[in-house]
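Subject: Structure handover

Hello,

Here is the structure for you to look through. My notes on what was found follow below it.

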Amino acid sequence: MEFSALETVCVGSSLALAGLCYYMYRQQQAAVRRIQRAPKLQVGADLRTLLDSCQELSYVVLQGRVEAAGAPLCSQNHPHLLAVIQKNQMVEHRLFWNSLTKSWSEHVRVLYENLKSVPFHLRPLEDGDESVLVCDPLSATGLTLETVYEQFQSASLSLGELMGHYLSGEKPTGFLETEEILPVGAVLTGLGKLVLNKDGVITLQPPQSGCQYFLSHAGYEDILHEQESIASLWREGTLVCGVLGALIFGFALYQAYQRHKEKNRIQEFSEEVQTDSHLPDDETSSERLCVICISRLRDCVMLPCGHVCCCFLCYRALPNQLCPICRCHIERVVPLH
């Protein structure tokens, strides 16, 4: 039994997609287990005592309050707000005519973006002098900035410009200016590598053991729940793609079996009629001759019309599956004994 090219592509694609989803599920599930095994620590004197004995911890959960290591940044639009990360952005909004859906669709384009950051520590949530220096915070997953300024300026268009944009299928709607910051005093939960360096400074760094680096306003339980949800999504994708692949494979197998059975039936039929089907010398009636070649006996019945009008070799040579007598569609052919 052989599969067609389309069936092979469909089965292979679905099984490959199921394998990819399973691989991503295993990776995500491993990340969840690493987060579950990570020790939960607080910024304090006990942290330095712990690191004095081992110098580093490969993957920990740490929570603290943000404080700039030097001079903090000031918000451009609200100078009283202090921050350690500041992002200013100008975005252009445009509408494009989609001829396929017969509607306008919105597209955005970043015209200007400025990102500033200063080194910062995580301080204890309550009183305490200990601190942890956060390294490379912009590479961390889950770090969201707080929007402190947002202003949309609508595009001012004259009537001629408006008509021109409508004719071209493109028109600007306006510009959105935003400012986002990570404010001083915000509470962050970090997951990473904890190191006591040569200068005696405790640092939180991106882990090097394949673990994911997190900095988030959410707590440990929220981070764990989010990662478990992602793992569940990949698991469900694996199940859906696996079931779909099995169904496609079963259908392709059934179709291949039907083709194989039909091929065998035709071959057996052909073997039956390969014998000399010419009229005997004493046969003079033309009613039993094939209406196409007029040299062999009529030896097959065409269904569902029931006409007996040709030999099997001429039937196989028909350009289409239509009865030569009534032009009815031929569903199957049986031998005439």
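**Salt bridges**

Arg94 and Glu92 form a salt bridge through their side chains, with 2.9 Å from N to O. The term salt bridge stands for a side-chain nitrogen of Lys or Arg within 4 Å of a carboxyl oxygen of Asp or Glu. Side chains of opposite charge can pair when their charged atoms come close.

Before going on, note that this is a predicted model, in which local features need pLDDT of at least 70 and side-chain atom pairs count only at pLDDT 80 or more, while totals for chains, interfaces and linings use all residues. Residues are numbered from 1 along each chain as its sequence is written, and side-chain values use heavy atoms, with hydrogens and water left out.

Glu92 is buried, at 5% relative accessibility. Here buried means under 20% relative accessible area, exposed means over 50%, and partly exposed is in between (1.4 Å probe, protein chains only). Glu92 also meets Arg109 in a salt bridge, at 2.6 Å from N to O. Glu92 lies in strand S4 (residues 82-98) and Arg109 in strand S5 (residues 103-117), so this pair ties together parts that are 17 residues apart in sequence. Helices (H or I, at least four residues) and strands (E, at least two) are DSSP runs, numbered from the N terminus. Arg109 is partly exposed, with a relative accessibility of 48%. Through salt bridges that share partners, Glu92, Arg94, Arg109 and Glu170 are joined into one network.

How many salt bridges are there by this rule? The count comes to eight. One of them pairs Arg259 with Glu7, and their closest N and O atoms are 3.1 Å apart. This pair links distant parts of the chain, since Arg259 is in helix H4 and Glu7 is in helix H1 (residues 5-37), 252 residues apart. Arg259 is partly exposed at 37% relative accessibility, whereas Glu7 is buried at 13%.

**Surface patches**

Patches are made of residues with over 30% relative accessible area and no salt bridge; like charges are joined within 9 Å, and nonpolar side chains (Val, Leu, Ile, Met, Phe, Trp, Tyr) within 5 Å. Accessible areas come from the Shrake-Rupley method with a 1.4 Å probe, and for residues only the protein chains shown count as cover.

Leu157, Leu159, Leu162, Met163 and Tyr166 make a nonpolar surface patch of about 470 Å². Leu157 sits in the loop between strand S8 (146-154) and helix H3 (159-168), and is partly exposed at 32% relative accessibility.

**Backbone details**

Pro304 is in the loop between strand S13 (300-303) and helix H5 (312-316).

Two residues have a positive phi without being glycine. Lys102 has a phi of about 60° and is in the loop between S4 and S5. Lys102 is exposed, at 59% relative accessibility. Ile294 has a phi near 55° and lies in the loop between H4 and S13. Ile294 is also exposed, at 57%.

Regards
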